[in-house]
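Open the model in your viewer and keep the selection tool at hand. We will go from stop to stop, picking out a few side chains at a time.

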Amino acid sequence: MVPTIGGKPLDLHHLFVEVTSRGGIEKVIVDRKWKEVVMSFKFRETITSASFMVRKYYLSLLYHFEQAYYLCKQVPPSTPDALSGNLANSSTTNREGAAINDSPVQGKSMNH
């Protein structure tokens, strides 16, 4: 099921390209570029939760993919609370890397 924001389907490919072109989610947060990412979608100004929702969908649907295929990192099966909290307020980040809580791919190994 494709997530929607403001009644429009969220273009996950566009989201992935916007984030990875800036170095990945952790770098986007450290460099305070999240607003740029969200603005690229041109959501209506009345959608006040767009930033939160886009981050939530990125973490739940694209973060593991970014870590495994874009950054070629081994991804642990759960996210430290530090990364989740930092994404909520965008003030700092966990520089050690992290994964997503309750991931549907837990326990699976990826072969290249």
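**Stop 1: a charged pair**

Select Arg-22 and Glu-36. Their side chains form a salt bridge, with N and O 3.1 Å apart. Keep in mind that this is a predicted model. What does the pair tie together? Arg-22 sits in the loop between H1 and H2, while Glu-36 belongs to helix H3, so the bridge links parts that are 14 residues apart in sequence. Side chains of opposite charge can pair when their charged atoms come close.

Now show the surface around the pair. Arg-22 has a relative accessibility of 22%, so it counts as partly exposed. The cut-off for buried is under 20%. Glu-36 is partly exposed too, at 37%.

**Stop 2: the other bridges**

How many salt bridges does the structure hold? There are 4. Lys-33 is partly exposed, with a relative accessible area of 30%. Through shared partners, salt bridges join Glu-18, Arg-22, Lys-33 and Glu-36 into one network.

Clear that selection and pick Asp-31 and Lys-27. This pair forms a salt bridge as well, with its closest N and O atoms 2.6 Å apart. Is Asp-31 buried or partly exposed? Asp-31 is partly exposed, at 32% relative accessible area. Lys-27 is also partly exposed, at 42%.

**Stop 3: the whole fold**

Hide the side chains and switch to a cartoon view. Look for 5 helices and 2 strands. Starting at the N terminus, trace the order β-β-α-α-α-α-α. The protein has 112 residues, and 40% of them are buried.

**Stop 4: the nonpolar core**

Select Ile-5, Leu-15, Trp-34 and Phe-43. These residues have the most contacts inside the largest nonpolar core, which holds 22 residues. Which elements give two or more residues to this core? They are helix H1 (12–20), helix H2 (25–30), helix H3 (34–39) and helix H4 (50–70). Color H4 to stand out: H4 gives the most to the core, with 8 residues.

Now center on Trp-34. Leaving aside residues up to four places away in sequence, Trp-34 touches Leu-15, Val-19, Ile-25, Val-28, Ser-51, Val-54, Arg-55 and Tyr-58. Show those side chains and follow the contacts one by one.

**Stop 5: two crossing helices**

Which hand does the crossing have? The crossing of H1 and H4 is right-handed. On the H1 side, select Leu-12, Leu-15, Phe-16, Val-19 and Thr-20, which make the contact. On the H4 side, their counterparts are Val-54, Tyr-58, Leu-61, Leu-62, Phe-65, Glu-66 and Tyr-70. Find Leu-15 and Val-19 here: Trp-34 touches both of them.

The protein exposes about 7000 Å². Color that surface by atom type.

Methods:
Residues numbered from 1 in each chain as written. Predicted model: local features only at pLDDT ≥ 70, side-chain atom pairs only at ≥ 80, totals over all residues. Heavy atoms only, no water. Core = buried A, V, L, I, M, F, W, Y, C linked by side-chain atoms within 4.5 Å. Buried < 20%, exposed > 50% of the residue type's maximum accessible area, 1.4 Å probe, protein only. Helix = DSSP H or I, 4+ residues; strand = E, 2+ residues; numbered from the N terminus. Contact = heavy atoms within 4.5 Å. Areas by Shrake-Rupley, 256 points an atom, 1.4 Å probe, with all protein chains shown as cover. Left-handed = near helix turned anticlockwise from the far one by under 90°.
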